[in-house]
Amino acid sequence: MPKLRHIAIAAEDPEAMAEFYKKAFDFVEVGRPNGVLADGVFLSDGTLNMAILKFKTDQLGKGMDFRGIHHFGVLVEDVEEFSKKLESLGAEHYIDQGQGGHQAGYFEKKFYGPERVLFDIAEHGWAGAEPLPASIKEAAE
Amino acid sequence: MAKLRHIAIAAKDPDAMAEFYKKAFDFKEVRKTDGPLAYGYHLSDGTIDLAILRFKTDQIGKGLDYTGLHHFGILVEDVEEVARKLEGLGGKHYMDQGGDRIGGFEVKFYGPEGVLFDVAEHPWTGTEPLPVEVKEAAD
């Protein structure tokens, strides 16, 4: 089964927000993304990647001053297979993102699901996120 | 370490949205809810609770028409201890939710920039408990 492994928060001050969650819950900093879409801090609870980001584009259509939880990410065995499935269910492909930089091998596709809720799917996971259970990965290979 | 175990989405049509995520990712429906705060569904990927809810009050100040990601929830060893810590860090207590709620008592806080999250000691239905070593260390 695919696994929820990423949650992204839109912040005005990612640094201050990340400090709060590090102190509050002992989440560990695992990266400092600085890309075309957003800058910020990646935290991990050992299972999920929690991205606290200042976005550079209005991905949600809610304006650049939107603050709050922005999107989530699902780790899947096969991005291409799931892309086809999502589109057949009515999801709208938004953008592909990935490869190189601080997280080589990372690739994701962003989709709008029902009611324009944005989510990512990825095969290789986000920094600090737990991989899929071995049995699922083996079964897919 | 505390664990992220709950993600809530605000939806106009939770029935349709829940069907989408069940079909798309094989997430399992573990509970249907219709309480004072919201109507909707709790899905599970075996680890995380994904709640798809039509809220009945405006908890995040974005209006009742808001649709999108709404709040997240963190499973902790001791809610009271964490609540004190959060207030010490500037978190603002919003409300407690408990009583006959299935899946346990939780406390809702606003963190920096008004981002809403829950803390709970009892796993959300269908989610993984805290790792044993964490629980043992806390006992």
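This is a predicted model: local features need pLDDT of at least 70, side-chain atom pairs count only at pLDDT 80 or more; totals for chains, interfaces and linings use all residues.
User: OK. What span should helix H1 of chain B have, and how far apart are its end C-alpha atoms?
Analyst: The helix runs over residues 14-25, 12 residues in all, so at 1.5 Å a residue it should span 16 Å. Its end C-alpha atoms are 16 Å apart, which agrees.

User: Which residues of H1(B) are buried?
Analyst: B:Pro14, B:Met17, B:Ala18, B:Phe20, B:Tyr21, B:Ala24 and B:Phe25. They sit on the same side of H1(B), because their arc around the axis is only 155 degrees.

User: And what covers them?
Analyst: Elements from both chains are included: strand E5 (68-75) and helix H2 (79-88) of chain A, plus strands E1 (3-10), E2 (28-34), E3 (38-44) and E4 (49-55) of chain B.

User: Switching to the contact between the chains, how many residues does each one put in?
Analyst: Chain A puts in 35 residues and chain B 36. On the chain A side, E1 (3-10), H1 (14-25), E5 and H2 each supply at least two residues. That side of chain A has 21 nonpolar residues, six polar and eight charged.

User: Now the largest nonpolar core. Which residues touch the most other members?
Analyst: A:Ile52, B:Ile9 and B:Ile52, out of 77 residues in that core. H1(B) gives the most to this core, with six residues.

User: What does B:Ile52 touch, leaving out residues up to four places away in sequence?
Analyst: B:Ile9, B:Ala11, B:Pro14, B:Met17, B:Ala18, B:Gly40, B:Tyr41 and B:Leu43.

Key
Residues are numbered from 1 along each chain as its sequence is written. Chains are lettered from A and ligands numbered from 1 in the order in which they are written. Helices (H or I, at least four residues) and strands (E, at least two) are DSSP runs, numbered from the N terminus. The expected span of a helix is 1.5 Å times one less than its number of residues. A residue is buried if 20 or more other C-beta atoms lie within 10 Å of its own, exposed if 12 or fewer, and partly exposed in between; C-beta atoms are placed from the backbone. The arc is that of the directions from the helix axis to the C-beta atoms. Two residues are in contact if their C-beta atoms, placed from the backbone, lie within 7 Å. Ala, Val, Leu, Ile, Met, Phe, Trp, Tyr, Cys and Pro count as nonpolar, Asp, Glu, Lys and Arg as charged, and the others, Gly among them, as polar. A nonpolar core is a set of buried Ala, Val, Leu, Ile, Met, Phe, Trp, Tyr and Cys residues joined through C-beta atoms within 7 Å.
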